[in-house]
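Hi everyone, thanks for making the time today. I'd like to walk you through a structure that may be new to you, so let's bring it up on the screen.

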Amino acid sequence: MAQSHYNFKRIQIVTGSTALIDVVLSKTQRKTPTEIHRHFAISRIRAFYTRKVKYAQQSFHDKLTRIVDDFPHFDSLHPFYADLFNVLYDRDHYKLALGQLAHARSLIDGIARDYVRMLKYGDSLYRCKQLKKAALGRMCTLIKRHSSSLAYLEQVRQHMARLPSIDPTARTLLIAGFPNVGKSSFLNIVSRADVEVQPYAFTTKSLFIGHTDHAYLRWQVIDTPGILDHALDERNTIEMQSITALAHLRAAVLFFVDPSESCGYTLKQQHSLFRNVAPLFATKPLIVVANKTDLGWEQELTPDTEALLADFTSPVATVPAPGEDMLPAEPVSQRAADALLKTSARDATGIAAVKRTACELLLAQRVDAKVKSRKAQAVLNRLHLAQPMGGDQTNPERPPTIPASVRAKRAAAAATAEASHVSDDDAPFQRRLAGKPGARIDSRAEDDDDEAMEGSSRRRLERDLEAEAGGPGVYSMDYRKLYDLKRPAWAYDIIPEIVDGKNVADFVDADIEAKLAALEAEEDARTAVGQVEYASEAVLDGYRALTDEERATVAMIRDRKQLLRASSAREQQRGRMSVSRNSGARKGLDLENFRGHLQTLGLDSADVEELTEKVRGRSRGRSRGPRSRASSERGSGAVVVGSKRNRSASAVPATGADAGGRSNSRSVSVGPRASKRIRVGSTSGIRDVFHAKKAEKTARAKTEKRIRRDARKGEGDRHIFDEKPKHMIVGKRGVGKTSRR
């Protein structure tokens, strides 16, 4: 059978009894009518409930049929898979579970048939409803009784999905032997498999498969679990997997032994196991692989060990059989290995020889079997070997037929070569032209001629130019000398580059390099002048050079600016908004602090006084109306930079003011425009009208987002949605309306 017949991963999930009942009942409710009233005609009521019973029966029937059909049947499986399933899953339990589901399917069909017959005689809505309820209840009870079978088949399905995809008919190399003798290491080397390798026994507990190539063919390599030397009925499930593969797979068997006995078993025990399982590979190519040569067991062999190794390949017994002390009087024939090869999985020595020998032995056996089969004779009957008329007896030489024109040209070429001296470069081509058809031209003679002509004047080849120019990777061949042009001189002309119909060369300044050199020279001169330390105030292009003290001051100013930028960036990262020049945070900066700050920056006294006067005049120009009492007490030396006037301070003096300057009547002031008026309660923590609108917009966006997320109509929507499955108890939806399912 083809490998596609054993794709166990396509088996669908086996639903449990509870989930299966829920799915069928829910589907029955959704796919059948739901509106029924007692005033309907009795025929309509009977048809209503009959349809529900039949639909539920058909749903259970389809589900159980899919489960029974998906799982493979032992009668249609290859003997290897049949025995493997018997070892892993117990044939009786497996067939019993499938049989129970098949029987449950027939019982459900019988229940539906009986209740449909009784529904034909229902005389009321209540009686028909009770019959439907009893039918579905009996079906569900029957499914619940088979919950253990459904759970068992689901576990089997999960395990079968993890089985390797082994093709019993493919070319196979089968690895067997005691545990911990190097079987998995060999598989990892010859294939791309990645099997776990550990220094203890029974690391491999199941079959593992890898693939390799040989002679342009794909081969599968199977690693089997270790086998111990005891009776067949005493072997466990792990060992029986190996026995099953040895018994049913047509493969080349690689029996691994460890003469160093580092695996924990003596060579005598390994030899005894080999003789006990020899009937399993009686008709298969057999190679004994002596592994772990890197441990140096070849130098420590004793005569008994050598005799045991020789007996692996001997057709007659040379050592006593397992359980006996002496050889029998008459020689006993036995299964001899086709070869005994030595390998080391650690050093990867001898691995290729083992793989090649095993593949060739198996390939020869398969070809021989095909030739001996009936199919080969049928193919030979359809083949016909055509032979020429007359055969070799009439014309044994059978010279090639050469046209007369070709012979004439060859004769003329030979005469020309004899009459004139042929150049050494053309000699190989002349020999090829004058040679017989099909004759082999020895290129080594040409190489010898080239070496002989090293001192003569011969044509320089591209390889000679390449060798002189630095060799491969350095030399770039000049292809322009091969251009076939009307004038050879045109080959090295500059090819114009046309962009948008215009020649790029027309827009290139011919003196660009000279101008660039002049600019660089001027830049170097300016740099040299800037680095000169002037003893006095030197002037360059109207600018005075800075002194050391001024350079230090400039550097300090630059550092201060850099710190301010970093501080501002940190504040912005924290989510704080930048403070404007009109903010109240700058009200504590008076003129004395400003003057001290300027002196710290290293400015001259005259410049400091000039800047201070400008700030004092600006602060006075900003104030409107008389200053407050706090400003009067602070004096002119403590003018607040960027301070705002109070609402009570008006351009028109208030009447009826008390001694302290406070008005005892309503102040007359010029307020802000009505378009920018904001509520008093909304100005807490907000700088101006723009930021107030921005805050209100952000709050409104958050509210709308919450409303949209909860699918509400507005802020006052407090509706709590009903969580009942209304699609199961209300109305009927048409076909194609269940998009959410």
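Predicted model: local features only at pLDDT ≥ 70, side-chain atom pairs only at ≥ 80, totals over all residues.

Let me start with the cysteines: the structure holds zero disulfides. As a reminder, a disulfide is a covalent bond between the sulfur atoms of two cysteines.

Now the overall picture. The chain has 24 helices and ten strands. Of its 741 residues, 28% are buried. If we take contacts with a separation of 6 or more, 65% of them are between residues 24 or more positions apart. The accessible surface of the chain is about 50,900 Å², and carbon and sulfur atoms account for 52% of that.

Next, a few helices. Among the buried residues of H1 are Leu20, Ile21 and Val24.

Moving along to helix H3, residues 79–89, we find buried residues including Phe80, Tyr81, Leu84 and Phe85. What covers them? The cover includes helix H4, helix H6 and helix H8. Just after H3, Asp90 takes a positive phi of about 70 degrees.

Let's turn to charges. There are 19 salt bridges in the structure. One of them pairs Arg91 with Asp83, with the closest N and O atoms 3.9 Å apart. Arg91 is partly exposed, at 27% relative accessibility, and Asp83 is partly exposed too, at 26%.

Within helix H4, Asp114 and Arg117 sit three residues apart, about one turn of the helix, and their salt bridge has its closest N and O atoms 3.3 Å apart.

Helix H23, residues 689–709, has a pair spaced four residues apart, Glu704 and Arg708. Their side chains form a salt bridge at 4.0 Å, N to O. Is Arg708 buried or exposed? With a relative accessible area of 58%, Arg708 is exposed, while Glu704 is partly exposed at 38%. Elsewhere, salt bridges with shared partners link Glu592, Arg595 and Glu609 into one network.

Last stop, the surface. Tyr479, Leu482, Tyr483, Leu485 and Trp490 make up a nonpolar patch with about 550 Å² of accessible area together. Leu482 lies in the loop between helix H17 and strand E7, and Leu482 is exposed because its relative accessible area is 55%.

How values were computed. Residues numbered from 1 in each chain as written. Heavy atoms only, no water. Patch = residues over 30% accessible without salt bridge, like charges linked within 9 Å, V, L, I, M, F, W, Y side chains within 5 Å. Areas by Shrake-Rupley, 256 points an atom, 1.4 Å probe, with all protein chains shown as cover. Helix = DSSP H or I, 4+ residues; strand = E, 2+ residues; numbered from the N terminus. Buried < 20%, exposed > 50% of the residue type's maximum accessible area, 1.4 Å probe, protein only. Disulfide = S-S within 2.5 Å. Contact = heavy atoms within 4.5 Å.
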